[in-house]
Amino acid sequence: TKPDVGQQIDTIVKDLVEKKDAGILFLALRDVEAAQLIKRMRDERVRNLLIAPNILATDSFRSMLKTAAGKGGDIALYTNGMLVSAPLLFDTANEAAQNFHDSYFGEFHERPDWVAAYAFDSAGLVAAGLGQALKANSGAKTKELRSAIRDFLATRQSVDDAVTGVSGGTYFDAKRLAQKPVLVGVYNGRNIISALTQLQPL
């Protein structure tokens, strides 16, 4: 049978309340379960330092936490001080990222997260490949354009071939994985800023 998530969260929180020396906690959870767990932990005054993956550095997670907190609930009470990994932190990002941030905020009246920036860059990669394909053959059929875009992406194999965007240069390794930094952010209330200690120079 499928495990009862609520019951599991109750058990975890009970154990943490009883253990006064649990130390730092790493949340290897999906955003929906993490929102529920963090809400319960903080409500039960479990104040351990939390470290989380980049899925908890998104608007989606904050929205779920806001729902869990209920009407009038302040998510800053739950997120403040939590460390998260993220491939982009706007407070230390490049000028292109700052321009994207300001344009996004001006259009939607909300601050973008790293997911929005990466979606924008992904569209930019496809557009760059499409532009090159049409320049080479303006009468290309859809199937040909798809192949051309794929080939364009496949040739982005080093910093020299990278396509520059909001998140910096994008290129792929031999396993076709994008080479992106792992940055460390910390929740300052409900907003994420760069942590003082990083895994690499900013």
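Reader: Before I start, what are the ground rules for the numbering and the model?
Author: Residues are numbered from 1 along each chain as its sequence is written. Because the model is predicted, local features need pLDDT of at least 70 and side-chain atom pairs count only at pLDDT 80 or more, while totals for chains, interfaces and linings use all residues, and side-chain values use heavy atoms, with hydrogens and water left out.

Reader: OK, where is threonine 58?
Author: Threonine 58 is in the loop between β2 (50-52) and α3 (59-69), where helices (H or I, at least four residues) and strands (E, at least two) are DSSP runs numbered from the N terminus.

Reader: And is threonine 58 buried or exposed?
Author: Threonine 58 counts as buried because its relative accessibility is 3%; buried means under 20% relative accessible area, exposed over 50%, and partly exposed in between, with a 1.4 Å probe and protein chains only.

Reader: Which residues does threonine 58 touch?
Author: Leaving aside neighbours within four places in sequence, threonine 58 is in contact (heavy atoms within 4.5 Å) with Asp113, Trp114, Val115 and Tyr187.

Reader: Switching to pockets, which residues lie nearest the centre of the largest one?
Author: Asp59, Arg62, Arg111, Pro112 and Asn191 do, out of 22 lining residues. A pocket here is an open set of points on a 1 Å grid over the protein atoms alone, where a 1.4 Å probe fits, with protein on both sides within 12 Å along at least five of seven lines, and lining residues have an atom within 4 Å of a point.

Reader: Which element gives the most to that lining?
Author: α3 does, with four residues.
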